[in-house]
2 protein chains.
Amino acid sequence: MKIGELAKLTGCSVQSIRHYEKEKLLASLRRSDGNFRLYDSATVDQLKFIKHCRSLDLSLAEIRQLIELNQQPGMGCEDVNRMIDSHIEQVALRINELQDLQDKLMALRNSCASQSTVKECGILQTLSVTQK
Amino acid sequence: MKIGELAKLTGCSVQSIRHYEKEKLLASLRRSDGNFRLYDSATVDQLKFIKHCRSLDLSLAEIRQLIELNQQPGMGCEDVNRMIDSHIEQVALRINELQDLQDKLMALRNSCASQSTVKECGILQTLSVTQK
DNA sequence: CCTAAACTCTATGGTAACTATAGAGTCAAG
DNA sequence: CTTGACTCTATAGTTACCATAGAGTTTAGG
């Protein structure tokens with residue numbers, strides 16, 4: 001199958017697929033006489049794996065690592081566990097940051113009565129005050 | 001004062017300051033004979049305003065808009081309020097996304113007993129299964 | 001006075017994971 | 001045999017910077 005069909009089957013864009021190839025996430029592939037990329041059902045699975053990982057916000061570098069690990073079935077999978085653990089940690093951190101941000105933004109929002117002028121706007125005033 | 005001192009006073013990097021200037025967030029400025037940027041205390045305040053906004057994750061484009069609004073003191077500040085409101089909304093959305101992600105990552109993590117091999121790794125197996 | 005260090009300048013490339021575009025080639029149907 | 005759909009490569013753009021190169025400026029010390 002050609003790239004357009006693969007894209008439809010997996011829900012990836014054509015460009016994404018070419019991008020994954022450039023980033024070495026898809027194995028080297030065959031080309032047609034006219035230099036079109038040719039794929040089979042194994043690629044569909046590979047791509048779905050990638051998509052699944054991306055939906056978990058794993059980076060392409062991390063995914064590449066997982067693919068490599070996957071090719072060494074006998075090895076321990078501590079590295080996999082570690083990767084997911086550190087990912088969970090990062091997400092938790094980011095959530096905390098955003099929650100802090102949310103609080104600050106709410107406070108800022110409350111500093112302005114809606115019907116004010118720019119000159120009197122509590123938001124702009126607050127933003128102008130030096131903070132720690 | 002020159003750019004290095006400004007950077008020290010505000011906690012911005014020298015590159016950031018030059019970047020803000022290129023992005024029209026800092027008013028046009030004087031130069032010394034040797035073509036060095038020269039600043040005064042007003043710039044310190046401007047830059048602190050920008051920094052404060054950035055700490056709230058406002059984009060440079062949004063900050064530019066706020067600065068422009070700030071220069072029209074008589075106008076209503078509904079636009080300011082709207083900007084902050086939509087920002088709060090975006091942050092809330094992102095927090096929800098990340099919390100979903102967190103749940104998925106936890107579930108994934110639980111699918112592998114730590115002492116497994118790559119071949120049996122529940123994480124890799126889960127990632128290989130097609131999901132909705 | 002001269003030199004070396006510290007500072008500044010502009011311009012460019014890199015980051016992440018794509019999207020969008022241009023300009024060219026390939027293929028299938030009518 | 002031409003038109004439209006598809007594909008190819010290469011390049012620029014996104015965001016808010018950081019890092020670097022190569023050059024010029026300023027300042028302090030000997």
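Contact here means heavy atoms within 4.5 Å. In this predicted model, 51 residues of chain A are in contact with 51 residues of chain B.

**The interface of chain A and chain B**

- The size of an interface is often given as the accessible area lost when the parts come together.
- For chain A and chain B, the area buried between them is about 4,700 Å², and carbon and sulfur atoms account for 69% of it.
- Nine residue pairs, with both residues at pLDDT 80 or more, are in polar contact across the interface of chain A and chain B.
- On the side of chain A that touches chain B, at least two residues come from each of helix H3 (41-55), helix H4 (60-70), helix H5 (78-110) and helix H6 (122-128) of chain A.
- H5(A) provides the largest share of this side of chain A, with 20 residues.
- Sorted by class, the side of chain A that touches chain B consists of 26 nonpolar, 17 polar and eight charged residues.

**Salt bridges**

- Over all chains, the structure holds 14 salt bridges.
- Between chain A and chain B, the count is four salt bridges.
- A salt bridge links the side chains of Arg109(B) and Asp85(A), at 2.6 Å from N to O.
- Because Arg109(B) lies in helix H5 (residues 78-110) of chain B and Asp85(A) in helix H5 of chain A, this pair joins two chains.
- The side chains of Arg94(B) and Asp57(A) also meet in a salt bridge, with an N to O distance of 3.8 Å.

**Helix packing within chain A**

- Two packed helices are described by the angle between their axes and the distance between the axes.
- In chain A, the axes of helix H1 (residues 3-10) and helix H2 (residues 14-22) come within 9 Å and cross at roughly 105 degrees.
- Angles of 65 to 115 degrees count as roughly perpendicular, so H1(A) is roughly perpendicular to H2(A).
- On H1(A), the contact is made by Ile3(A), Gly4(A), Leu6(A) and Ala7(A), while H2(A) contributes Val14(A), Ile17(A) and Arg18(A).
- By class, the residues in the contact of H1(A) with H2(A) are five nonpolar, one polar and one charged.

How values were computed:
Residues numbered from 1 in each chain as written. Chains lettered and ligands numbered in written order. Predicted model: local features only at pLDDT ≥ 70, side-chain atom pairs only at ≥ 80, totals over all residues. Heavy atoms only, no water. Axes fitted to C-alpha atoms, helices over the stretch in contact; angles between N-to-C directions. Helix = DSSP H or I, 4+ residues; strand = E, 2+ residues; numbered from the N terminus. Parallel < 35°, antiparallel > 145°, perpendicular 65-115°, else oblique. Nonpolar A, V, L, I, M, F, W, Y, C, P; charged D, E, K, R; others polar. Buried area = accessible area lost by both parts, 1.4 Å probe. Polar contact = N/O pair within 3.5 Å; in protein donor to acceptor, adjacent residues only side chain to side chain.
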